[in-house]
Structures are given as structure tokens and as C-alpha cells.
Amino acid sequence: MATAPAAETAPRGAMAPEPYRVASRAPETVDTWTLLLEPLGAPIVPAPGQFNMLYAFGVGEVPISTSAAPEPGGELVHTIRAVGPVTQKLCATEPGDVIGVRGPFGTTWPLEEARGGDLVIVAGGIGLAPVRPAVYHALTHRDDYGSLCVLVGARTPSDLLYVRELEDWRGRFDVEVGVTVDSAVGDWHGRVGVVPRLIPGAAFDPAATTALVVGPEIMMTFTAKALLEQGVPKERIYVSMERNMRCGLGHCGHCQLGPMLICRDGPVFRYDEMEALMGVREL
Amino acid sequence: MHEELALTDSPRATIDLDGLHALVGVLRDRGYCVIGPTKREGAIVYEEIESADELPAGWTEVQEAGTYRLERRDDEARFGYPVGPQSWKRYLLPARVRLWQARKRNGGAFEIVEEPPPERPFALLGVRSCDLHAIAVQDRVFLEGAYVDRDYAGRREGAFLVVVNCGTPGGTCFCASMGTGPRAESGYDLALTELLDGEHRFLAEAGSERGAEVLGDLMGCDATPDDVDAALRVTHEAAGKMGRTLDSFDLRDLLGRNVNHPRFADAGNRCLTCGNCTLVCPTCFCTSVEDVNVLEDGAAERWRRWDSCYSVDYSFIHGGAIRPSSRARYRQWLTHKFGTWVDQFGTSGCVGCGRCITWCPVGIDVTEELAAIRAADGEVDHANA
Amino acid sequence: MQTLDEIVAESPVFGGLEPAQLQLIAGCAHNAAFSKGERIFREGDAADTFYLVRRGRVALTAHVPGRGDVTIETVEPGEVLGWSWLFPPYTWHFDARAVEDAGVVAFDGACLRGKCDADHALGFELMRRFAQVMIDRLQHTRTLLLDVYGHGPGS
């Protein structure tokens, strides 16, 4: 089962962010950047699957998943898409700027539970960002897992995240990497088509597989369907859900999805628990 | 919090109107900001009071779906009404509160100064049993989860609660159906039951050590067995005078299996999504965060304000609202209040105070909606499912 | 090195056909190869052939003025390329080009059409199998229409 955050009553209020300095800001795509952050105050160490609330001074906060392996020193890596005032401000920071961070919040990818079996990771669009720590973990603990498949989809080739890393992973002999895009122009020689089409051809044993699926909700639903068709048990498929979030503490009520609070019971959920809820319109 | 004494052992006394005056004075002398019911612009609201003279003596509320008005009683009861549009969350979870101020230092790092708690702790005078349960419901959310809400804890920890057991329930009350009243059992410092038969007096029971101390300062008389019986009769009769009833059996499962019930579209057609119900509900706790730049350079503040699941942008992510329809928003509120609240916090979210029924401009009645869903358990709204 | 008979018999799209039918189909087939970048068919050309991709990758493209050739789908080894041979007006609706050196089995669609007209049982079986291919592609294409990675309304 995904793990829950430890109970804490901090003397410092849980709505007060820790200052972090931007060490670097690197572009990933035309609207996405990856920030490398260093702690100036208390370090925050999110586990794979967890998220932090990132604060752009005077503007606001957004929940962003960790994209790095956990660093005891508290360095953080966050990949952010600039879609609103807060994310635009964060994506416009320069090295040396200070932002605020609260966290870590949420449940984690079931990397312990997946040991001893195959691991299939399916990421759509910016979904590769929250699941990259799971790939890192599997690569550094390679013997804990059987086959490792990383299947990635994006809108167009220029929307692919972490292209250099995808190429590195593909270059290894112990990782299968599949990439597809919705459409392509010019020089793309890779696959064009929807992500679920990558699944039947991937080399994994469905009966002994844990699948981690992240992306837009529809993409996760179609991907889960394709995985089920291959025989992956429903309770071994994990998805990462999203809702409007204001506090991360279980106090503001916004992130409800039926009986769940995403900040507390998620964002990582088992598909058998989530399937029925995902099928209810406007829930 | 504070030590609570068993009911049978609890110190009790009978106090008269002078004693009630003394109570307000004693609490103020002990440094409390006393909040009590008072009449303002056609409603009984909770404001700071300096004397028991400010209580709405001789007034009662007439409440029905979409209707609220004050009427004169034929006695001078100080607490002869149920609950008005406000609840104690006005003070424990204020509508707008600053959480912290931040200032940038040289080198860019910022320093956070968190807002201190109010200068004076609150003494809440006139807490009805339903509202007492509502406070406990919000305690679960803000104090007993993985994180403690600092502002709520600061206001709640020192608060002195004076319960008033109900003698005059209202047209929309259904605490008896929810098991939340009309008599408060525990969780208070003092409980008063107003006795109007014969001499106008109050049975006062202590529910904690500091409640007993305050009681001791009031110079009351020993409570006679007759007074105790009279007090029990008040609430016993009140339980039979509820304006509404609700079959609250297994609501969580009922709502869980009827998520596509046609009644939600039906209610959604009537619902204005005005959010009144969430404003007046004593357990609704949803808030939003406002981060603001202050005019001064390099300074910022974070504020917290009430929010409502009825607003469209409440559920906004990535370029769209998850719940654009009023059907979906009504369903969210009703199923959360009576159903998924249990999954999230271990209790029902409803205490049967009836405010949502009274203050809904179109008179939507949760007891009626739930009864309709139960009566047609299993029906599916195929057009919207 | 597999024979055409073996290839046809093993390919999923012809699964379950009777040996006589499989032989007939194999009789309409021949191996072909396209080098990287070579065009396989052009939009508007007569669609009298369909292909089974064995090796390499084929891109289906449309030419969009101002954007150039847009790849809307790639066809991988084991997949069928082309169904326009079954339905009037028997012309291609998109361009196809080998993205890498590609080995294919090409089937004479015009010849097979004639055989289906003569033998309705065979015709029904082929129609059914190609309908399944089309359904799968349609579902995937409809998913693409949802533009799930888009920014939201108005993006």
C-alpha cells in the first residue's frame, strides 16, 4: 500500500513555507522548466510520488511533484509547466532567487511493494515528471526488479520531457524505453500514436507486474484498460490523481475526490480503489 | 483540553438572573472576550457582549425553509430561540484571517512572522448542543489530523464554552435525529438550562475544573432535585418539538451507492449555487488561501478566507472546473456533509441545526432531499450519469 | 527464412482462416522492401494493395500547407497497413512513407477483391478481420482527438 505521511504538530505553522534558493532553471519544452532548489532553512525530503507546495513570493502557491531521487540534504528538483500566474512566476525565476516550499505531502509510489516483480511505468505529457523518481529508484536498485519498461507519450516530439535521459535509459541493456507522440512533423522517426499502443509490444510479465501510470485522467483510464487487457491485476496498477489544492494539509477541503482527500490519501492511488470514482462524471 | 468531570459528580447550582449577569462579569474579569447572542437587524447573532443585558430577552426565532424572522415571546427568556445565521466558526475559523507576514531579507531569503492568537481568549456564551457537536467536528479536522491548524488551535485551546441546553427548538431543527441534542452531554465548561416555571432561574452544571471554579464565583444556590428534574424535562420536551426529522441510518452507504441519483439533478435545478448553506453551516470548513503583495517593497502576506464548494472555481484545474453543473455541486455538498465526511474524518458532518434549510433562498431542505433519495434508492439518472 | 505461406498463416489478422483460404491469400502476396524515406503510396493513388509490415516502421502522413508533412500515425511490425482496397473508391486517403528501411508483405488487393466477389464466405471473413483493424485504429484516433495533453479549452 502507498504510505501515509507521518503525523506532526510543528511549532512552526504548517502554512509557513521554508525558503529555498533557485540554484538553476533549465528549459524542458517551450512552456516547461525544471528548477533545482537548495534549502536555506529546514530541508524538505519528498519521497517518490510526493509533492511540495511551491510559493512564488507574493503571488501564490501550487502543488508540484518531486522529480528527483530523495536528497537527505534537502535539494529539490521540480519540473513546472507555466500555465497560470504562480507557475509563470516560478518558471521566470533566475538562479539566486528565493521561493518558498512546504512539504512533503501525499502518498508515495509503491516501490517497496513492487520489488521482486516487473515494473512498467507509463507516463503521458508532463506525467513523466512525477514518476521520474520511481525510474531513478528502479535504476539504482536494479536487482530489486525484473523487467523495467518506461513507456512515454507526448503531444509532439518537442513536448517530450527529459529527452537526454530518455536516450540514456534507452541506451542501457536492462531498460525497455518506448516513446510515442500524438503527431509529428519533419524529422521525427519515432512512433506516432496513442500511449496504450505501446503496451502490447512491451516485454513484461503481466501477472508479475506493478504498473505506475501518470498523465491526464483520460490517458490514465485508457492506459489502465490496455494494461488490464494484457492481464495486469487491477490492484497492481497505480495512478496519480489531481484536484484543486490550496493547503496540502487536509484542511481546506478543495482536493476532495469522493471520499478521498488527494493531499492526504493520494496523489498515488491503487487503480482498483480509484476506478469507480474516475467513472463518475463531475466528481 | 481541560479536565472533564462525570455528569453525576459534576458540581451544579441554580443561579438567577443576577447570577447570569455575574457570569458575564466573572468571565470578563478573568480576561475572556465574551461572545454571546444578541439582536441585530432582525436576527440573533453572536457578538462580543459586555453584559447580560445585551441578550435578546423575550425574543424567539420563527424558522422555516427559506424563512427567518424574530417574534416576541410572552416571557422574558434570555435563550428562547434555537440558532441564528451565524455559528461559532465566526470566531474559531474567522471568515478572513491573516496567517503570516513575510519580509525579504538582504540576499533574497524571506522571514515569516506568523500571526499571534487573539489577545483575549474567547468565552462562548450560549453554545447549543448542535453547535457544540459542530465544534467537535471541526476539532477533528483541524486538531486531530496529520497537521494541526495553528490559527484554529490558538483560538480553540483557551476557549471557555458555556452551553445552553435548548428549550425552544426551531422549525428546521433536527438535532434529535442526528444524536446531537437537544441536551449537551460533555465537552463544555458550563451548561445552563433556562427554567421559566416559577422563578426565572438557570440550572448550571460544570463540565470541567475551570467551569466549576467559575460556577463557584457565581454565588448560586444548591440545585434542588426539582430543579434538576425541571431541567431534564426542558430538553426532553424539546426533543419532541423538533421541526424536522431525518432517518440518519447508514447515510454514508446510501449516498455512496446513489452517486448518480436523479434527485441531484432535481435539486440542481432549484439550487442557485449561492453558497448560503456553506456560510451558515457550523461545520463547513472549506477555505482558500490569498497570497498578496503588500505595497511596501519586499513584503507579502498570506490570508485565509472562507470558500464554498458551490463556487465554480472551487474545483478548477488545468483550464476547467471539474464540477461545472449545479447538479454536481449540490451533490458534492450533500454527499460530503452526510456521507464522505465519515470516510474523511470519522464522523458525520451534519449536526442537525437546520440553518441550511432556513437560509436557503429557495428553501431546499436536506431532510427532504435525503428522504427522497432513500425512497428511490438505486434509481439512476441516465441522462447525466 | 519464412515462406509467404507461413507468414500469412501466423499473422494475427488472418488468424482462424481455413488452410484453403490462407493459401489463396498467400497466392496474392509477395515480399517487398522500401528504403528509408521512400514513399509507399500517395494520397489519391489507386489503392489496389495492402501491406503487412514485417520490419521497420511506416509513417502515415498528410501534407498540411504551412506545416509540411504531418505524421498522424506510424505502423509497426506485425501491423496491417491499408484498408482502402476493400471499399470504393479504392483510393488512398493519406501518404505513406518508410521511416526506416522497411520489409513488407504486399498483397494484391484488386485480385483479392475479385476473389471475395466470387466467394462470399471468404469475403465475409476478410471483411470481418479488416473491420476489427479499422475499429482499433478508430478508437485510437478518437483518443488522439481528445488532445489529452492540450492546455484545456481554447488551447
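Hi everyone. Let me start with a definition: a nonpolar core here is a set of buried Ala, Val, Leu, Ile, Met, Phe, Trp, Tyr and Cys residues joined through C-beta atoms within 7 Å. Please keep in mind that what you see is a predicted model.

With that in hand, let's look at the cores. The largest one has 130 residues. Which residues have the most contacts inside it? They are B:A123, B:L124, B:V127, B:L161, B:V162, B:V163 and B:L190. If you go by elements, helix 3 of chain B, residues 129-143, gives this core its largest share, seven residues.

Let me stay with B:L124 for a moment. Leaving aside residues up to four places away in sequence, B:L124 touches B:I35, B:W88, B:A159, B:L161 and B:V162.

Between them, 22 residues of chain A are in contact with 19 residues of chain C. Which elements of chain A each supply at least two residues of that side? Strand 10 (184-185), strand 11 (191-192) and helix 4 (217-230) do, and the largest share, three residues, comes from helix 4. As for residue classes, the chain A side has 11 nonpolar, six polar and five charged residues.

One last thing, about strands. Strand 10 of chain A pairs with strand 5 of chain C, residues 68-75, in the antiparallel sense, over two bridges. If you'd like to find this on the structure, look at A:A184, whose bridge partner in strand 5 is C:T71. Thanks, everyone!

Note on methods:
Residues numbered from 1 in each chain as written. Chains lettered and ligands numbered in written order. Predicted model: local features only at pLDDT ≥ 70, side-chain atom pairs only at ≥ 80, totals over all residues. Buried ≥ 20, exposed ≤ 12 C-beta atoms within 10 Å, placed from the backbone. Helix = DSSP H or I, 4+ residues; strand = E, 2+ residues; numbered from the N terminus. Contact = placed C-beta atoms within 7 Å. Nonpolar A, V, L, I, M, F, W, Y, C, P; charged D, E, K, R; others polar. Pairing = 2+ DSSP bridges.
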